[in-house]
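Please consult the sequence and the coordinates shown below while reading.

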Amino acid sequence: MTRRAAVLGLCLASLVALLALPAASQHTQTSPLGGFEWQVTANGILVTAPHGTFDRNTAPIAVEAARRLKAGYVVARGFHPGVRINVSRPTEGSGIPCTQERWTERAREVYLEYERLVTLASGGAPLRLYVEVHGNSRAETSGNVEIATKGVSAKEAAEVKAAYPEILNMVRMEWPSYPALQLLIEPVDRLYWTARCVKQIGTMAHDRIARALHFEFPVTAREAAMVPATALLVARIVEQVVR
């Protein structure tokens, strides 16, 4: 083998090894209660799934939406030791009023770590938009996608509603079995899922989160086959809000 061929072979082997590594901007960490995965944003948009396991398939929806948006993300998996740790607020419990959620030391520690990772994934700069992706199984809202908001005007929300039929049609052209969900968005609509807890005592309560969207999807939009479709829906709505 010539010297030139040997050098080329070494370079090729190094390139293959480099490509086999995960992207440097993607990070993971685990604990006895659960784990986090995150990626730093380059455009000021951060997509999160605080209940990535409990709200089934919201973690892959958030990651795929972030990929489409070229945004950052933070997703939590696990954190359900018999009762849900709420991650984006320092409490435990689900399906109950905020006042009945339990404040515990382990919930506080998980929340503080989530807050730290949101700050890291923000890249040290103010966010243009913070997004949470959630899911529910409530029969009364099974035909809706609900978006609670912070810092979004009535005019902006009305513009999203006006654009939504075209966004939904685009999604359903590629995934014909995607549910024909009705959009409800604050402040122009009355919601069931108002994100009251996270707005009062969680991440969305902070002044540094000036603008936020809190998505709630029914089960039909979170089936494994619907993950890429719902991620596309999230991405197109986010684009409508930030443009």
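Buried means under 20% relative accessible area, exposed means over 50%, and partly exposed lies in between, with a 1.4 Å probe and protein chains only. The model is predicted: local features need pLDDT of at least 70, side-chain atom pairs count only at pLDDT 80 or more, and totals for chains, interfaces and linings use all residues. Residues are numbered from 1 along each chain as its sequence is written, and side-chain values use heavy atoms, with hydrogens and water left out. Helices (H or I, at least four residues) and strands (E, at least two) are DSSP runs, numbered from the N terminus.

**Disulfide**

- One disulfide (a pair of cysteine sulfur atoms within 2.5 Å) is found in a search of the whole structure.
- The disulfide joins Cys-98 to Cys-197, with 1.7 Å between the sulfur atoms.
- Cys-98 belongs to the loop between β5 (91-92) and β6 (102-103) and Cys-197 to helix α5 (residues 196-201), so the bond ties together parts that are 99 residues apart in sequence.
- The link of Cys-98 and Cys-197 is left-handed, with -115° about the S-S bond.
- Cys-98 is buried at a relative accessible area of 15%, and Cys-197 is buried at 11%.

**Packing of α6 with α2**

- Helix α2 (residues 58-69) packs on helix α6 (residues 227-242) at an angle of about 50°, and their axes are 8 Å apart. Axes are lines fitted to C-alpha atoms, for helices over the stretch in contact, and angles run from 0 to 180 degrees between N-to-C directions.
- This angle makes α2 oblique to α6; angles under 35 degrees count as roughly parallel, over 145 as roughly antiparallel, 65 to 115 as roughly perpendicular and the rest as oblique.
- The crossing of α2 and α6 is right-handed, a crossing being right-handed if the near helix is turned clockwise from the far one by less than a right angle, and left-handed if anticlockwise.
- Contact (heavy atoms within 4.5 Å) involves, among others, Pro-60, Ile-61 and Glu-64 of α2 and Val-227, Pro-228 and Thr-230 of α6.
- By class, the contact of α2 with α6 comprises eleven nonpolar, one polar and four charged residues. Ala, Val, Leu, Ile, Met, Phe, Trp, Tyr, Cys and Pro count as nonpolar, Asp, Glu, Lys and Arg as charged, and the others, Gly among them, as polar.

**Packing of α6 with α4**

- Helix α4 (residues 154-174) and α6 pack at about 150°, with their axes 10 Å apart.
- The two helices α4 and α6 are therefore roughly antiparallel to each other, and their crossing is right-handed.
- Residues in this contact include Glu-159, Val-160 and Ala-163 of α4 and Ala-229, Leu-232 and Leu-233 of α6.
- The contact of α4 with α6 has twelve nonpolar, one polar and two charged residues.

**Individual residues**

- Ser-88 is in the loop between β4 (72-78) and β5 and is buried, at 0% relative accessibility.
- Leaving aside neighbours within four places in sequence, the contacts of Ser-88 include Pro-50, Tyr-111, Tyr-114 and Glu-132.
- Asn-144 lies in strand β8 (residues 144-150) and is buried, with a relative accessible area of 12%.
- Neighbours within four places in sequence aside, Asn-144 is in contact with Leu-181, Gln-182, Leu-184, Glu-216 and Pro-218.
- Arg-208, in the loop between α5 and β10 (212-217), is partly exposed at 36% relative accessible area.
- Not counting residues up to four places away in sequence, Arg-208 touches Glu-115, Val-118 and Thr-119.
- From C-alpha to C-alpha, Arg-208 and Tyr-178 are 35 Å apart in space, and they are 30 residues apart in sequence.
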